[in-house]
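Trainee: I am new to this structure and would like to learn how to read its features. Please take me through them in turn.

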Amino acid sequence: MLERNSGIPLDLGWVNRSCVNDQAVKGRIQDLLTSRTIHADHQVEWLVRSIQCIDLTTLAGDDCPSNVARLCSKAAYPLSDSIASALHIGNGLLTTGAVCVYPARVADACLGLERLGANIPVASVATGFPTGQTSLKIRLAEIEFAVQSGAKEIDIVINRELALAQNWKELYNELVQMRKACGESHMKSILAVGELCNLTNIYRASLVAMMAGSDFIKTSTGKETVNATLPIGLVMCRAIRAYNRKTGFKVGFKPAGGIRTSKDVLQWMTLMKEELGDDYLTPELFRIGASALLNDIERNLTNHFTGGYFLAEEMPMA
């Protein structure tokens, strides 16, 4: 069983001396995209594996019990019967990694999954998602509400003001309190990378989040102008690798925002394998925050087996 990250005391020396070479990052990504591709014969297998890593998400203002129930059904049965049969996947053997909703919809998601008999964790955003612009007391109370409602994973947002001001000690202290509020539920720390200005800030914020006990670090809320990009992903993966070498803890990674196509997900999985190894091709350590991605994967799998694509009206809604 994977040992959970318990965090370490804040190491400001490590954080402050960390710098990122932007040109080296660009060069590494270019190398990955040109020389590390998944052969066409294996892409179906990789796409099926990626489904297990999706946090199937709805974070809309008009979310209600009915569309959350539909989301749960899609998470429990992500592929049509015909495609699952062609892949020789038994009923209920393939599910998404989690269902992700707002705190107010956690109870609906838990009920929907229970009715389906699906053992899928419910993840909840919290702490004033997506901006985090509420008091710490309110942010902690929101975590506690989501956990009490049944959420097994909490996607918190960091205080970007503290990160931009390089006030790492206060950011660390906030995250430690959030981790405590999560209890046994896993904490995914959203860095909102599009608002951190540069790659060095992203690397440093990644380290602080892991030192505070984050189980996952996550790129974005999906609401920023810049979300998950491969260069940003590389920087966060290198932070994860450095933290593992120093502490022995393996922290998970979750890119979110802008990952919509099968091509996108194959590139991200290649990055995971090359930078962090095969363990990071499993839902225990790799998640993808997405809503439209699953439909594109199913369309491509349909094309592989039938030579045609589903029409939009033929696709089940996620």
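Trainee: What share of the contacts in the chain with a separation of 6 or more comes from residues 24 or more positions apart?

Mentor: Contact means heavy atoms within 4.5 Å. Here, residues 24 or more positions apart account for 78% of the contacts with a separation of 6 or more. Before going on, note that this is a predicted model: local features need pLDDT of at least 70, side-chain atom pairs count only at pLDDT 80 or more, and totals for chains, interfaces and linings use all residues. Residues are numbered from 1 along each chain as its sequence is written, and side-chain values use heavy atoms, with hydrogens and water left out.

Trainee: How many helices and strands does the chain have?

Mentor: Helices (H or I, at least four residues) and strands (E, at least two) are DSSP runs, numbered from the N terminus. The chain has 13 helices and eight strands. Its radius of gyration, taken over C-alpha atoms, is judged against a globule rule of 2.2 Å times the number of residues to the power 0.38. The value is 19 Å, close to the 20 Å that the rule gives for 318 residues, so the chain is as compact as a globular protein of that length. The C-alpha trace spans about 55 × 45 × 35 Å along its principal axes.

Trainee: What percentage of the residues count as buried?

Mentor: Buried means under 20% relative accessible area, exposed over 50%, and partly exposed in between (1.4 Å probe, protein chains only). Of the 318 residues, 53% count as buried.

Trainee: Which residues have the most contacts inside the largest nonpolar core?

Mentor: A nonpolar core is a set of buried Ala, Val, Leu, Ile, Met, Phe, Trp, Tyr and Cys residues joined through side-chain atoms within 4.5 Å. The largest one has 96 residues, and those with the most contacts inside it are I143, F253, L271, M272 and L301. Not counting residues up to four places away in sequence, L301 touches V44, L47, V48, L79, I83 and L87. Another core, of seven residues, lies apart from the largest one and includes L59, C100, V157 and I190.

Trainee: Is W14 buried or exposed?

Mentor: W14 has 8% relative accessibility, so it counts as buried. W14 belongs to helix 1 (residues 12-17). Leaving aside neighbours within four places in sequence, W14 is in contact with I8, L207, M211, A242, Y243 and K246. W14 and V208 are 194 residues apart along the chain, yet their C-alpha atoms are separated by 9.8 Å.

Trainee: Where does T200 lie?

Mentor: T200 is part of helix 10 (residues 199-211). T200 counts as buried because its relative accessibility is 16%. Apart from neighbours within four places in sequence, its contacts are S18, C19 and V20.

Trainee: What should I look for in the backbone?

Mentor: Most residues other than glycine have a negative phi, and most peptide bonds are trans. H88 has a positive phi of about 60° although it is not a glycine. H88 sits in the loop between helix 5 (81-86) and strand 2 (98-101), and counts as exposed because its relative accessibility is 73%.

T127 also has a positive phi of about 60° and is not a glycine. T127 is in the loop between strand 3 and helix 7; at 0% relative accessibility, T127 counts as buried.

Trainee: Which peptide bond is cis?

Mentor: The bond from F129 to P130 is cis, with omega near 0°. P130 lies in the loop between strand 3 (122-125) and helix 7 (136-149).
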